[in-house]
Amino acid sequence: MEPLGWGAIFARMALAFWPVWLSLATVFALSIGLRRRLGLYGRLFDSPMGMIGLALVLFWVFAAIFADVIAPFGPLEQYSGMKNIKPGAFLGDDGGVFLLGGDNLARDVFSRMVHGARTVLEIAPAATLFAFMVGITLGLPAGFFGGTVDTVLSFLANLVLAFPVILLFYLLVTPEMRETAIPTALAATLFVFPILFFLLLFWSRYGEDPARAAPFIGTTLVLGLWVYSGLAFNADPLGVFSMDPNLLNIFVSVVFVNAPTVFRIVRGLGMDIKTRDYVAAAQTRGEGAWYIMLWEILPNVRGPLIVDFCLRLGYTT
């Protein structure tokens, strides 16, 4: 059979995404109707640009959720005679269509693109969040204390930033690197920072009231070590959290490369904010250093950090 033309290809792709269109219509209809009750989220629907941005994000979120329904073939399935086939080619007389053609292993590119959205959404937000945990946990004391702490931490951050980002990614994700203990060692080091961050957050807030602090700290340790054992060492006894070596390599690479940049941003903002009057007032009240960093400085730098987080999601993808 003759391959489909581009008009028919785009029409079929649009039809394949029907669960996404239905979900988008439902979300937008409900959100517009209730936008006055939805606070900051509701304000997005007062801005055309905000609605367009939200639609783009939600499109790929729903594509990832409904990937099994949208994709006509499995992302790893290979089909005889479809190697590097042109877009719109039919698989046999009634075996479906490779809408975007086949790759060099005879797999459907369209199906791989749709399932790729799921992989990206599994990695990008979590890896970016981990990078922010590392950057914030190290950047706040560097900016607040200065001196030797700042010198040592800044030297380590600059050491990583001295490498070209693309070259560093290539080095970290090579198959040879997976065979070494480096990814696991980096994961064991970097993945402990989210646990450390939340322990410091709760202890600095409730440390003077152990009875109140105990549930928060206990929950952090139990959940944190559970997730840590699964992600860093693939040793989750319940099998809920795990990463294959290839995924771990990519995840660690993203965290390792992004964390120093976040560190520099947080350090610079911390050096500025620590001179403000409300920080001096907290010091006068006798608040501890970590309380001031996490409960006085950090909330007041959330704006730039939120913007950078959203931008960094794109870089990570």
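Which helix gives the most to the nonpolar patch? In this predicted model, the answer is α2, with three residues. The patch lies on the surface and is formed by Trp-18, Trp-21, Leu-22 and Val-69. Together these residues have about 460 Å² of accessible area. Trp-21 has its place in helix α2. Its relative accessible area is 42%, so Trp-21 counts as partly exposed.

Helix α2 runs over residues 18-33 and holds 16 residues.

The buried residues of α2 are Pro-19, Val-20, Ser-23, Leu-24, Phe-28 and Ser-31. They cover an arc of only 155° around the axis, and therefore sit on the same side of α2. An α-helix has 3.6 residues a turn, so residues three or four places apart point the same way. The cover over the buried residues of α2 includes α1 (6-16), α3 (39-43), α4 (48-65) and α5 (67-70). The face turned away from the buried side carries exposed residues. These are Trp-18, Leu-22, Ala-29, Leu-30 and Gly-33. Two of the names on this face, Trp-18 and Leu-22, also belong to the nonpolar patch.

Helix α15 spans residues 289-297. Tyr-291, Ile-292, Met-293, Leu-294, Glu-296 and Ile-297 are buried there. Their cover includes α6 (109-145), α11 (192-206), α13 (245-273) and α14 (277-284).

Technical notes
Residues are numbered from 1 along each chain as its sequence is written. This is a predicted model: local features need pLDDT of at least 70, side-chain atom pairs count only at pLDDT 80 or more; totals for chains, interfaces and linings use all residues. Side-chain values use heavy atoms; hydrogens and water are left out. Buried means under 20% relative accessible area, exposed over 50%, partly exposed in between (1.4 Å probe, protein chains only). Helices (H or I, at least four residues) and strands (E, at least two) are DSSP runs, numbered from the N terminus. Contact means heavy atoms within 4.5 Å. The expected span of a helix is 1.5 Å times one less than its number of residues. The arc is that of the directions from the helix axis to the C-beta atoms. Patches are made of residues with over 30% relative accessible area and no salt bridge: like charges are joined within 9 Å, nonpolar side chains (Val, Leu, Ile, Met, Phe, Trp, Tyr) within 5 Å. Accessible areas come from the Shrake-Rupley method with a 1.4 Å probe; for residues, only the protein chains shown count as cover. A salt bridge is a side-chain nitrogen of Lys or Arg within 4 Å of a carboxyl oxygen of Asp or Glu.
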